[in-house]
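This report examines a single protein chain, with attention to its helices, its core and its charged pairs. Please keep the sequence and the structure in view while reading.

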Amino acid sequence: MLPAEREAKVREIICEVLELEEEELTPAGRFREDYGADSMNAVEIQSQIEVALDIEIAREDLKRMVDLETVLEILETARAR
């Protein structure tokens, strides 16, 4: 999957889980503070990204997944399954 396609898929997942319109999601918008996400939303985002991209995100990275920009950074180092 090309980086642009991967980012589009990640944006789609985050918008779906957080019930946002595409234009509402900004790279630095914080999931909890700006969009009202909770810990269950974070786990759902992680799980859906892992399945959709066939990768494994380290458990310690879950706490860092606070905005789109950071999620994309984490995916750069995530291991393929």
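Is Lys-9 buried, partly exposed or exposed? The model is a predicted one, and in it Lys-9 has a relative accessibility of 27%, so it counts as partly exposed. The limits that matter here are under 20% for buried and over 50% for exposed.

The side chain of Lys-9 joins that of Glu-12 in a salt bridge, with 3.2 Å from N to O. Both residues belong to helix H1, where a spacing of 3 residues separates Lys-9 and Glu-12 by about one helical turn. In general, an α-helix has 3.6 residues a turn, so residues three or four places apart point the same way. Glu-12 is also partly exposed, because its relative accessible area is 42%.

## Other salt bridges

The count of salt bridges comes to 5. One of the salt bridges is formed by the side chains of Glu-22 and Arg-11, at 2.7 Å from N to O. This pair links distant parts of the chain, since Glu-22 lies in the loop between H1 and H2 while Arg-11 lies in helix H1, 11 residues apart. Glu-22 is partly exposed at 39% relative accessibility, whereas Arg-11 is buried, with a relative accessible area of 14%.

A further salt bridge joins the side chains of Arg-64 and Asp-61, at 2.8 Å from N to O. Arg-64 counts as partly exposed, at 40% relative accessibility. Asp-61 counts as buried, at 13%.

## Helix H3

At the start of H3, a side-chain oxygen of Asp-38 comes to within 3.1 Å of the backbone nitrogen of Met-40.

The buried residues of H3 are Asn-41, Ile-45, Gln-46, Ile-49, Glu-50 and Leu-53. Viewed down the helix axis, these buried residues fall within an arc of 165°, so they line one face of H3. The face turned away from that buried side carries the exposed residues Met-40 and Val-51. The buried residues of H3 are covered by elements that include helix H1 (3-18), helix H2 (31-35), strand S1 (55-56), helix H4 (59-62) and helix H5 (68-77).

## Helix H5

Which residues of H5 are buried? They are Leu-68, Thr-70, Val-71, Ile-74 and Leu-75. Their arc around the axis is only 160°, which puts them on the same side of H5. On the other side of H5, Glu-76 and Thr-77 are exposed. The cover over the buried residues of H5 includes H1, H2, H3, S1 and H4.

## The nonpolar core

The largest nonpolar core has 21 residues, and Leu-18, Phe-31 and Ile-49 touch the most other members. At least two residues of this core come from each of H1, H2, H3 and H5. The most is given by H1, with 6 residues.

When neighbours within four places in sequence are left aside, Ile-49 is in contact with Val-10, Ile-13, Asp-54, Ile-55, Ile-57, Met-65, Val-71 and Leu-75. Among these contacts, Val-71 and Leu-75 are buried residues of H5.

## Two residues with positive phi

Glu-19 is not a glycine, yet it has a positive phi of about 55°. Glu-19 is located in the loop between H1 and H2. With a relative accessible area of 72%, Glu-19 is exposed.

Asp-54 is another residue other than glycine with a positive phi, near 55°. At 45% relative accessibility, Asp-54 counts as partly exposed.

Definitions and conventions
Residues are numbered from 1 along each chain as its sequence is written. This is a predicted model: local features need pLDDT of at least 70, side-chain atom pairs count only at pLDDT 80 or more; totals for chains, interfaces and linings use all residues. Side-chain values use heavy atoms; hydrogens and water are left out. Buried means under 20% relative accessible area, exposed over 50%, partly exposed in between (1.4 Å probe, protein chains only). Helices (H or I, at least four residues) and strands (E, at least two) are DSSP runs, numbered from the N terminus. The arc is that of the directions from the helix axis to the C-beta atoms. Contact means heavy atoms within 4.5 Å. A polar contact is a pair of N or O atoms within 3.5 Å; within protein, one must be able to donate a hydrogen and the other to accept it, and residues adjacent in sequence count only if both atoms are side-chain atoms. A nonpolar core is a set of buried Ala, Val, Leu, Ile, Met, Phe, Trp, Tyr and Cys residues joined through side-chain atoms within 4.5 Å. A salt bridge is a side-chain nitrogen of Lys or Arg within 4 Å of a carboxyl oxygen of Asp or Glu.
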